[in-house]
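Thanks for passing this one along. Have a look at the model below, and then at my notes.

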Amino acid sequence: MTAAAAVDDRPAPQAPAVAEAPRPTGEMPSAGEMPSAGDRLKQVAVAALDKLAGAAVVKVEELSDKLGDMAADAVSGTMPTGVGANALIKGVLAKMEGKNPVIAALKGAFGAMSTGTKVWLSLALILLAVLSPVALLVLALVLLVAAIVGAVKG
């Protein structure tokens, strides 16, 4: 894809026209001309499906335009960088390869971090692992004291 192909000169997507049910005129039709309840239900269902299909077409066109913009950015070399973008790219690639995208996204995010951030994150995880049992022990003692106080008062 070239930079010239990245320019999108297509018109904005429009929802297709919705077929409307015939509107009754001022006169009452005879009993032979009155549509049955099933025919009216079919007309309503067709109109609803047309409207849903139109909305789906518009959303697909919007997504297609976004993907086209991303492809144009990739060609021009201005892809977003950072932890989130790298995690997204690695996760999508892993999903396309049939691997676990969550693990790949975590690895991609960790790989995009600076060395200082990796050190701080590692220290925080070690501290969490060390202090979690202590926090659980304190919680158990608080609950034990609350149970003893409740038994004495009640």
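Here are my comments, point by point.

1. Ground rules before anything else. This is a predicted model, so I kept local features to pLDDT of at least 70 and side-chain atom pairs to pLDDT 80 or more, while totals for chains, interfaces and linings use all residues. Residues are numbered from 1 along each chain as its sequence is written, and side-chain values use heavy atoms, with hydrogens and water left out.

2. Overall make-up. The protein chain has 4 helices and 0 strands, so its order from the N terminus reads α-α-α-α.

3. Burial and surface. Of the 154 residues in the protein chain, 7% are buried. Here buried means under 20% relative accessible area, exposed means over 50%, and partly exposed is in between, with a 1.4 Å probe and protein chains only. The accessible surface of the protein chain is about 12400 Å², and carbon and sulfur atoms hold 71% of that. Those areas come from the Shrake-Rupley method with a 1.4 Å probe, and for residues only the protein chains shown count as cover.

4. Contacts. Take the contacts (heavy atoms within 4.5 Å) in the protein chain with a separation of 6 or more: 51% of them join residues 24 or more positions apart.

5. Helix α1. This helix covers residues 37-76. Its 40 residues should span 58 Å at 1.5 Å a residue, and the end C-alpha atoms are 58 Å apart, which agrees. (The expected span is 1.5 Å times one less than the number of residues.) Which residues of α1 are buried? They are Gly54, Val58 and Ala72. After α1 comes Gly77, with a positive phi near 85 degrees.

6. Salt bridges. The count is 2, taking a salt bridge as a side-chain nitrogen of Lys or Arg within 4 Å of a carboxyl oxygen of Asp or Glu. In general, side chains of opposite charge can pair when their charged atoms come close. Lys59 counts as exposed because its relative accessibility is 55%, whereas Glu62, at 36%, counts as partly exposed. In the other pair, Glu97 and Lys99 have their closest N and O atoms 3.5 Å apart. Glu97 is exposed at 56%, and Lys99 is exposed at 53%.

7. Helix α2. Val92 belongs to this helix, residues 83-97, and is partly exposed at 40% relative accessibility. Between Val92 and Ala104 there are 8.6 Å in space, C-alpha to C-alpha, and 12 residues in sequence.

8. Helix α4. Residues 115-153 make up this helix. Its 39 residues should span 57 Å, and the end C-alpha atoms are 56 Å apart, which agrees.

9. A nonpolar patch. Val119, Trp120, Leu123, Ile126, Leu127, Val130, Leu131, Val134, Val138 and Val142 form one on the surface, with about 990 Å² of accessible area together. Patch members have over 30% relative accessible area and no salt bridge; like charges are joined within 9 Å, and nonpolar side chains (Val, Leu, Ile, Met, Phe, Trp, Tyr) within 5 Å. Val130, for one, lies in α4 and is exposed at 52%.

Note on methods: Helix = DSSP H or I, 4+ residues; strand = E, 2+ residues; numbered from the N terminus. Expected span 1.5 Å × (residues − 1).
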